[in-house]
Amino acid sequence: DGAAVAEEVPNAAAWQDGAVLHIGDARYRVERNPPALTELRLPRSLLAGFPVCPKVSAEFAAPQHCLFRWFREQRPAGGGDAAGEAWVETAAAERVFTPSNALVGLRLKLRCTPGDGEQRYGPAREVESSGPVEAGPGACTFDARHLYTKKVCGHGSVRAVSYNILADTYAQTEFSRTVLYPYCAPYALEIDYRQNLLKKELAGYSADLICLQEVDKSVFVDSLAPALDAFGLEGLFRIKEKQHEGLATFYRRDKFSLLSQHDIAFSEALLSEPLHKELCERLAKYPLVQEKVLQRSSVLQVSVLQSTTDPPRKLCVANTHLYWHPKGGNIRLIQIAVAMSHIKHVACDLYPNIPVIFCGDFNSTPSSGTYSFISSGSIAEDHEDWVSNGEEERCSMSLSHPFKLLSACGEPAYTNYVGGFHGCLDYIFIDKNALEVEQVIPLPSHEEITTHQALPSVSHPSDHIALICDLKWK
């Protein structure tokens with residue numbers, strides 16, 4: 001109102017929203033904390049028929065309130081090189097854009113205006129794709145599965161997915177290209193290509209819970225979290241200390257809220273938590289095995305979720321990836337013993353009697369000690385897996401846990417299919433006292449899996465197959 005601002009007035013009081021600041025003859029409209037974009041990025045690889053999910057970071061704004069306008073390059077008339085760049089706006093105004101086959105060979109541009117949900121908008125930014133839209137692979141192994149998962153299931157049900165997505169750290173080595181996956185076209189092992197397939201696959205499952213293993217940190221931060229966020233899922237990540245990959249758990253925001261997280265690294269928990277003191281003392285009698293267990297960087301992700309529509313309903317969602325070595329059955333038994341004790345602490349002590357869903361790549365077939373222990377509740381000290389790596393690494397003990405767990409998807413012939421091995425290693429274990437299976441989404445046919453010999457392939461982004469089931473509270 002024309003009064004001078006006294007020197008002692010703090011900024012917070014002086015800068016009033018909507019005020020006009022006069023400095024000499026200049027006039028400045030004051031806007032406090034206007035919406036602003038801090039990051040706007042498009043994926044490096046764009047495939048026709050696959051969703052393009054930009055990474056959007058903003059201050060005083062949220063992606064769901066931003067405005068999106070998508071443009072495509074103008075095709076040069078007469079097929080020559082375009083003189084100067086011309087862009088044509090597409091009909092799409094959503095955060096996620098799926099280019100059609102008509103756009104193959106053209107680059108895309110996104111203009112994003114940050115907004116805060118209160119009709120305030122900040123300055124727009126534009127980003128152009130680094131390359132053109134390329135042709136997609138045609139039919140993928142998950143297309144038929146999507147026919148069962150078009151809609152999110154109702155509020156009394158939970159659709160859960162468990163999937164080892166094959167870390168880039170392991171897919172892009174010379175060993176992987178030449179020895180593990182020689183049958184896979186090299187371009188189909190590249191992370192940008194696989195991410196396109198993976199984002200389409202996961203988005204199409206309309207899941208409420210997704211537990212992933214072998215998630216590269218950069219894949220989580222730059223690709224999966226922004227993409228799944230656009231489809232209504234919130235993500236949590238837990239790195240393995242010695243590797244650049246870890247575990248991710250996503251949950252549907254309008255069905256669940258996060259109450260608490262209780263992640264652990266097995267080796268650390270074993271040494272430092274009083275909960276595992278007895279097991280730790282028993283293990284100390286077998287120094288060779290103990291050393292191997294403590295060397296592993298395997299982790300367990302545990303999240304307690306609460307239903308948004310029925311708050312008394314809570315869930316303990318656990319996710320893990322156990323030691324991989326074929327002769328490491330004894331190591332896996334110790335890891336799973338630590339896991340079950342920890343889950344018991346969360347689901348029996350901290351939140352008495354809440355149902356458990358335990359997903360993961362257990363690197364254990366249905367005939368293993370680990371599978372038997374999880375599903376029966378106990379293991380004897382004379383089980384053959386205690387000597388899985390020979391007599392000198394025997395470590396015998398009997399173990400038990402209090403849960404009644406069931407493999408929701410049963411025991412498929414295989415969930416991992418590579419040139420030299422196929423077997424069932426992945427499971428979604430559910431608390432059979434509280435949950436029941438409504439439907440299991442069928443796995444791809446053997447014919448689909450072997451079209452390109454084995455996995456991964458141009459039409460399947462991992463060497464594992466996603467498990468998907470619909471569960472309902474009893």
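## Close-up views of a predicted model

**View 1. Strands β6 and β7 pair with one another.** In this predicted model, strand β6 (residues 67–73) runs alongside β7 in the antiparallel sense, and the two are joined over 3 bridges. One of the residues to look for is R72, whose bridge partner in β7 is V88. Strands of a sheet pair through backbone hydrogen bonds, and the pairing can be either parallel or antiparallel.

**View 2. The open sheet that contains β6 and β7 has 4 strands.** Their order is β7-β6-β8-β9, and the pairing is antiparallel. The edges of the sheet are formed by β7 (87–89) and β9 (125–128), each of which pairs on one side only. From one strand to the next, the twist averages 30 degrees.

**View 3. Helix α6 is largely enclosed by the rest of the structure.** This helix covers residues 191–204, and its 14 residues should span 20 Å at 1.5 Å a residue, which agrees with the 20 Å that separates its end C-alpha atoms. Because 12 of the 14 residues are buried, the helix counts as largely enclosed; among these buried residues are I191, Y193, R194, L197, L198, E201 and L202. Just after α6 comes S206, which takes a positive phi of about 45 degrees.

**View 4. H342 sits in helix α11.** The helix covers residues 329–350. Is H342 buried or exposed? Its relative accessibility is 5%, and because buried means under 20%, H342 counts as buried. If its neighbours within four places in sequence are left aside, H342 is in contact with H262, I264, E273, L275, H276, L300 and V302.

**View 5. The largest nonpolar core has 45 residues.** Those with the most contacts inside this core are L300, I334, I336, I343 and F358, and the largest share of the core, 11 residues, comes from α11. Returning to I343, and leaving aside its neighbours within four places in sequence, the residues in contact with I343 are L300, V302, C316, A318, C348, V356, F358 and F403.

**View 6. An annotated domain covers residues 162–464.** The UniProt record, an unreviewed entry, gives this span the annotation "domain: Endonuclease/exonuclease/phosphatase". In the model, the end C-alpha atoms of residues 162–464 lie 10 Å apart, and the span is 33% helix and 27% strand.

Key: Residues are numbered from 1 along each chain as its sequence is written. This is a predicted model: local features need pLDDT of at least 70, side-chain atom pairs count only at pLDDT 80 or more; totals for chains, interfaces and linings use all residues. Side-chain values use heavy atoms; hydrogens and water are left out. UniProt positions are given in the numbering used here, feature names are shortened, and annotations may be inferred rather than shown by experiment. The expected span of a helix is 1.5 Å times one less than its number of residues. Buried means under 20% relative accessible area, exposed over 50%, partly exposed in between (1.4 Å probe, protein chains only). Contact means heavy atoms within 4.5 Å. Two strands pair if DSSP finds at least two bridges between them. Axes are lines fitted to C-alpha atoms, for helices over the stretch in contact, and angles run from 0 to 180 degrees between N-to-C directions. A nonpolar core is a set of buried Ala, Val, Leu, Ile, Met, Phe, Trp, Tyr and Cys residues joined through side-chain atoms within 4.5 Å.
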